[in-house]
Amino acid sequence: MYRINNHYEPETVSQAISMLHQNSSLVVIAGGTDVLIKMHGGNLQDVDILSLRSIGGLDRIEKTKDGTMHIGPMATFSQINQSALMQEYIPVLANAAITMGGPQIRNTATIGGNVCNGATSADSASTLFALNARLYLESIEGTRIVPIEDFYMGPGKVDLKPDELLIDIQVEAKDYEGFCGKYIKFTVRNAMDIATLGVAAVCRVDSSGIIEDLRIGLGVAGPTPRRCHEAEDYAIGKEVNQETLQGIGERAVLAAQARTSWRASKEYREHLVKTLSQRAIEEALAEVGGAGC
Amino acid sequence: MHEKDSNPANVGLKEKSRLEIVVNASKDESKTEYQHIGKKRVRFDAKPKVTGKAKYIADIKMDGMLYGKIVWSTKAHANIKSIQTDLAEKLPGVHAVLTWKDVPRKQYCQAGHPYPDDSPQDQYILDKKVRFVGDYVAAVAAETPEIAEQAVKLIKVDYEELPAVLSMETARDMFAQNSSAEIHAGTGNLQEDHFIEIGSMEKGFAEADMIVEDEFKLPIVQHCPIETHISKAYFEDTGRLVVHSATQVPFHLRRILSQALDLPIGDIRVLKTYVGGGFGSKEDVTLEPITAMLAIKTKRPVQLEFTREENMVSTVTRHSAIIKLKTGVTKAGKITARGMEILSNTGAYAAHGHCVVWNMSSHFPTLYPVENLSFKGETVYTNMPVASAMRSYGISQLNFAMESHMDNIARQMNVDPIELRLNNVVKLGHKDPSVIYTIDSCGIEECINSGKNMSDWKKRHEESAESGEVIKKGLGMACFSYQSNTYPFNEEIAGARIKLNEDGSATLFIGAAEIGQGSDTVMAQIAAEELGIAYERVKVIAVDTDICPFDFGAYASRQTNMTGAAVHKAAVKCRDALLNYTAELMELDAASLMVRDGWILEKDNGKQVIEIKEAAMNAYYNHDNPLAISHEVYHKATNNPMAFGAVFADVEVDSITGRVNLKKVWAIHDSGTIINHKQAEGQVEGGVSMGLAYALSEQMLIDPKSGRVLNDNLLDYKVPTMMDMPEIDVVFVETVEPSTAYGHKSLGEPAVISVAPAIRNAVVNALDIEYNEIPLTPQRVFEGLVKTWEAK
Amino acid sequence: MLKEISFQINGKRKTLKVESGEILLDVLRERLNLTGVKRGCSVGECGACTVLIDGTPVDSCIYLAIWADGKDIVTVEGLGEDGEMSSMQKTFVEEGAVQCGFCTPGVVLSATALANKKQSFTRDEIRVALSGHLCRCTGYKKIVDAVEKEMEEQL
């Protein structure tokens with residue numbers, strides 16, 4: 001038995017945000033795989049829960065006419081992995097989704113919960129960073145759009161006001177069309193594991209092998225997920241070759257703020273950032289032959 | 001050079017044709033003369049398990065049952081100044097709160113050892129002092145788990161902290177001192193040590209052309225049975241205490257409970273039903289005494305079930321160790337002397353403690369007999385989780401060091417590590433000078449050679465350096481020997497009682513513990529074999545200490561050897577009783593009769609004489625001279641058959657990230673005759689998963705400042721998943737062990753032993769870097785790579 | 001806060017009042033006596049408590065009972081008919097995929113959900129689909145063998 005006082009199940013987003021407005025101490029729960037584990041550990045108890053499970057449509061994955069991909073925050077990792085749209089247009093995210101937890105967790109855990117939990121190890125985060133995802137946050141005041149890079153403020157801390165709800169995750173066509181991508185989740189085990197490091201790279205290379213665009217997202221390389229802007233700026237306009245890749249790897253480390261913990265040392269994490277960022281780009285290009293995402 | 005053994009005492013392989021090499025159960029089972037031994041028999045507890053009907057302890061509800069919960073120490077080493085329990089006691093629904101004042105001041109040792117147990121009796125059910133983070137402080141029993149948990153939080157403990165010893169090296173450095181950091185008074189934190197020298201080390205090293213020294217470091221690991229530790233205690237109508245536990249040692253548990261609770265053995269009844277895995281962790285008496293105390297205090301049934309976190313920290317672990325080896329070897333590859341020094345960490349209490357090191361010293365000379373050898377073992381107390389028995393009882397540590405060392409020697413000599421092993425490996429007929437083992441069956445060379453062929457050793461091992469720029473390929477191997485019981489260290493016995501029922505079915509009562517390994521099924525096969533009845537007609541009753549024969553329990557891979565022998569004898573006695581009865585009834589010669597397929601037959605011509613069920617019914621209801629057919633037999637060990645095996649591992653190592661990808665494992669075992677191939681393969685495959693995790697991923701990490709376990713959960717403690725498993729080929733080299741009824745030897749623990757060193761040796765082969773510490777996590781492999789990069 | 005929920009459990013309709021904080025695992029085990037649902041870790045790291053919710057494997061230890069309202073839940077007790085084992089269960093028994101048996105109910109349920117997709121899967125795909133179950137006894141090989149064999153036979 002978890003120590004939950006009340007459990008509310010609004011059926012629409014507007015009901016939910018009005019309840020949040022009235023009681024900002026409500027704990028929002030989506031799949032429950034993070035919140036309930038916190039409760040098991042005694043880190044959270046005697047709370048009122050606001051469940052999003054009865055709100056219809058929040059799990060949709062769709063592409064609008066302008067090419068923008070909409071990912072409902074209640075979409076589970078399994079849904080994202082199996083979505084035909086995702087597999088066709090943003091396979092990097094579909095593939096990242098299946099690295100998360102085990103099947104039962106993926107059948108329950110949602111991308112919105114994963115993002116709002118604020119963990120640097122979130123398996124969706126590095127890829128969403130690399131995709132320039134935009135988060136739509138709604139409150140009774142209206143909708144606020146926050147680029148994912150600005151959303152993460154510290155460990156477990158995100159730019160989500162107590163009365164706000166994440167209602168949509170969007171990736172614009174310009175950020176995925178023509179890109180190829182790869183997420184490498186580096187772990188000790190091959191399933192049911194937490195990343196020692198996560199690296200997502202999306203890039204667009206022209207027919208002559210020149211990097212037109214590159215974005216690299218990192219997880220567990222610091223207290224929050226992050227982008228490797230210096231590496232990206234360095235890469236653009238350069239030909240894909242060993243020297244360029246090496247330069248990218250060296251600059252990717254500059255974005256890291258790794259520290260030594262019992263899970264891994266700073267030196268090792270930095271080494272992984274340096275090498276796996278290069279590998280992610282190589283594998284992204286290899287998988288699609290450098291054409292399309 | 002390796003020569004085929006020509007020892008006339010070739011008893012184990014007396015019939016050459018009976019040495020079969022069985023690859024992946026491709027054996028033609030119709031070939032043997034047995035009806036049930038070596039035949040496909042589906043374990044009879046599989047159906048209840050797969051349908052969810054099997055009732056494990058947590059599945060059994062009792063009227064008025066209370067739930068226990070423990071207050072755990074948050075300090076690594078401290079005296080308890082006071083415990084405030086009043087708030088907890090006042091909480092509605094709480095029925096008992098126990099502290100050290102409420103339990104018998106009787107010392108005991110939690111190890112499931114035989115009697116007399118000469119291990120330090122260094123524990124109380126609850127004590128005034130705590131010795132590690134996760135030690136018992138107090139206990140509550142309440143009407144619901146939630147109330148019990150709330151009560152635990154209301155108990156305030158005031159500690160007087162003592163200096164904590166949080167590494168085995170620190171503990172060793174303190175032997176001479178008598179400080180406040182002494183965990184058990186008067187020990188200097190040395191639990192026990194011993195030293196053995198055979199021959200002359202001086203002479204042996206003088207004869208050597210090369211001396212190689214190594215030091216190996218082994219981590220703390222945990223058993224992680226999927227069912228956590230659990231027990232129930234309650235009173236029979238007569239007022240007698242019943243303890244129902246997920247235990248591997250029902251009779252030892254009863255005896256140790258009697259000691260800790262200060263109750264006569266006869267006043268305690270222990271029950272064991274389904275157990276959700278043990279691997280040695282349930283060979284210790286952990287939560288049972290406090291569960292019983294809560295029942296005694298409340299006069300109500302009490303269940304205590306550990307959470308995963310509690311199970312990780314507060315039950316038992318495998319000893320971490322530092323092992324030094326020094327070996328002298330001639331140019332011809334003959335070992336002339338070998339010395340070993342081990343520092344083993346038993347944690348806060350002795351438990352199986354130094355007995356594990358004794359087991360190492362008894363196995364040390366077996367695999368590669370050497371004329372001159374020395375062994376020094378020291379076991380220290382630390383303020384860390386209790387280390388005790390775990391699958392292989394020290395031999396995983398010993399074998400990792402020995403077999404890694406063998407490869408290091410071969411590397412220095414620039415010879416094939418298989419050649420070095422074959423030059424020195426034990427031969428059939430060998431009598432060990434120190435521990436009274438004789439090797440009466442020995443398939444070790446066949447195991448090695450079979451793995452060598454299957455893995456394409458010569459080519460693959462030598463060409464490893466030619467692998468890709470990033471992904472380095474490696475092939476490694478290791479081999480082992482392992483006991484089939486604890487003789488001669490214990491004069492052990494095992495019992496079986498068989499009732500051949502009126503309808504010719506049999507009820508088999510045993511005290512051996514089925515914990516998932518399939519021993520009940522094997523015992524039923526043995527009974528059916530000798531009784532000549534269908535396997536399905538044997539019903540196994542185990543374990544109720546009131547009605548089942550005495551047995552030592554599930555450890556030392558002993559049950560098929562020991563209990564199997566008792567079952568065999570009891571079945572033979574029942575069969576003979578029935579044959580004698582039939583012979584008399586029908587005026588035949590009993591010696592001319594046999595049983596098979598539910599019939600009594602004439603031996604010579606196979607003619608059916610009478611159906612067993614008819615003969616049995618007739619015997620029970622004979623008007624003049626009724627005969628009930630029931631026999632209880634105890635088997636006493638008179639020797640200790642050695643099982644052998646070799647494991648080959650094929651790896652790919654990412655030379656940039658250090659991540660090891662285990663591609664394939666060949667596990668080749670000489671466990672004598674295999675009684676149930678499917679189950680035997682299952683044991684080996686499970687052993688591979690546990691062994692590969694020892695090599696690559698599992699380690700219990702402890703905060704060096706607080707002594708707190710950092711990864712007390714199944715996310716951070718890396719038990720392998722289905723996706724971490726390599727392809728596995730299991731091979732049985734079936735020698736015939738002459739001392740057992742069917743030629744069988746141990747298998748349960750052997751399965752795990754050489755997996756880790758084989759993988760380690762494969763990684764060394766791949767990278768040309770000697771790694772002498774496990775687990776080979778990506779970071780550890782990387783740190784080895786960094787040194788080579790820096791050297792360049 | 002008590003709430004009445006109504007759901008299908010192993011083919012039968014059930015209506016219950018549950019507390020907000022009640023865990024599905026506890027409701028199944030303690031109130032419905034479906035003890036084939038096992039507790040191994042309570043935090044979704046072992047898979048022993050797996051049940052099928054609307055045909056999908058879910059860890060019942062991190063699933064609120066309230067959420068079961070309107071759902072179709074199957075536990076291991078709901079497999080098979082008329083006291084007979086399901087074909088998948090039989091294959092587990094035959095192939096030696098069961099040892100201590102504690103992880104078994106959950107694994108069989110995930111395997112059943114996979115087989116119900118009526119597609120063919122490679123051995124590696126089977127391993128991915130069942131990777132949310134820790135088994136400490138078998139080394140998984142015979143489990144994968146059983147599932148592979150059963151799925152081949154069903155197709």
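1. A residue is called buried when its relative accessible area is under 20%, exposed when that value is over 50%, and partly exposed in between, with a 1.4 Å probe and protein chains only. By that rule C:Gly11 counts as exposed, because its relative accessibility is 58%. C:Gly11 sits in the loop between β1 (2-9) and β2 (12-19) of chain C, where strands (E, at least two residues) and helices (H or I, at least four) are DSSP runs numbered from the N terminus. From the C-alpha atom of C:Gly11 to that of C:Gln119, 108 residues apart along the chain, the separation is 24 Å.

2. This is a predicted model, in which local features need pLDDT of at least 70 and side-chain atom pairs count only at pLDDT 80 or more, while totals for chains, interfaces and linings use all residues. Residues are numbered from 1 along each chain as its sequence is written, chains are lettered from A and ligands numbered from 1 in the order in which they are written, and side-chain values use heavy atoms, with hydrogens and water left out.

3. Chain A is assigned domain 1 (4-51), domain 2 (61-174) and domain 3 (175-288), the bounds coming from an automatic or database domain assignment. Between the centres of domain 2 of chain A and domain 3 of chain A, taken over C-alpha atoms, there are 19 Å. In the contact of these two domains (heavy atoms within 4.5 Å), domain 2 of chain A takes part with 31 residues and domain 3 of chain A with 29 residues.

4. How much area is buried between domain 2 of chain A and domain 3 of chain A? The value is about 2400 Å², and carbon and sulfur atoms give 57% of that area; buried area here is the accessible area (1.4 Å probe) that two parts lose on being put together, summed over both. Of the area that domain 2 of chain A buries against domain 3 of chain A, 24% is supplied by A:Thr120, A:Ser126 and A:Ala130, more than by any other three residues.

5. The interface of domain 2 of chain A and domain 3 of chain A holds 2 salt bridges, a salt bridge being a side-chain nitrogen of Lys or Arg within 4 Å of a carboxyl oxygen of Asp or Glu. A salt bridge also joins A:Lys185 to A:Asp123, with 2.9 Å between the closest N and O atoms. There are 20 residue pairs in polar contact between domain 2 of chain A and domain 3 of chain A, both residues at pLDDT 80 or more. A polar contact is a pair of N or O atoms within 3.5 Å; within protein, one must be able to donate a hydrogen and the other to accept it, and residues adjacent in sequence count only if both atoms are side-chain atoms.

6. On the side of domain 2 of chain A that touches domain 3 of chain A, two or more residues come from each of α5 (91-97), α8 (125-130), β8 (152-154) and α10 (173-176) of chain A, and α8(A) gives the most, with 5 residues.

7. Between chain C and chain A, 33 residues of chain C are in contact with 28 residues of chain A, and the buried area is about 2300 Å², with 64% from carbon and sulfur atoms. C:Met1, C:Ile62 and C:Trp67 account for 27% of the area that chain C buries against chain A, more than any other three residues. The count here is 1 salt bridge, and C:Lys3 and A:Glu9 form a salt bridge with their closest N and O atoms 3.1 Å apart. Residue pairs in polar contact between chain C and chain A number 10, both residues at pLDDT 80 or more.

8. Chain B meets chain C through 51 residues of chain B and 45 residues of chain C, burying about 4200 Å², of which carbon and sulfur atoms give 56%. In chain B, the residues that lose the most area to chain C are B:Val50, B:Ile226 and B:Met722, together 21% of what that side buries.

9. Which salt bridges and elements belong to the contact of chain B and chain C? The count is 7 salt bridges, and B:Glu681 and C:Lys142 meet through their side chains in a salt bridge of 2.6 Å, N to O. On the side of chain B that touches chain C, α1 (46-50) and α17 (677-696) of chain B each supply at least two residues, and the largest share, 8 residues, comes from α17(B).
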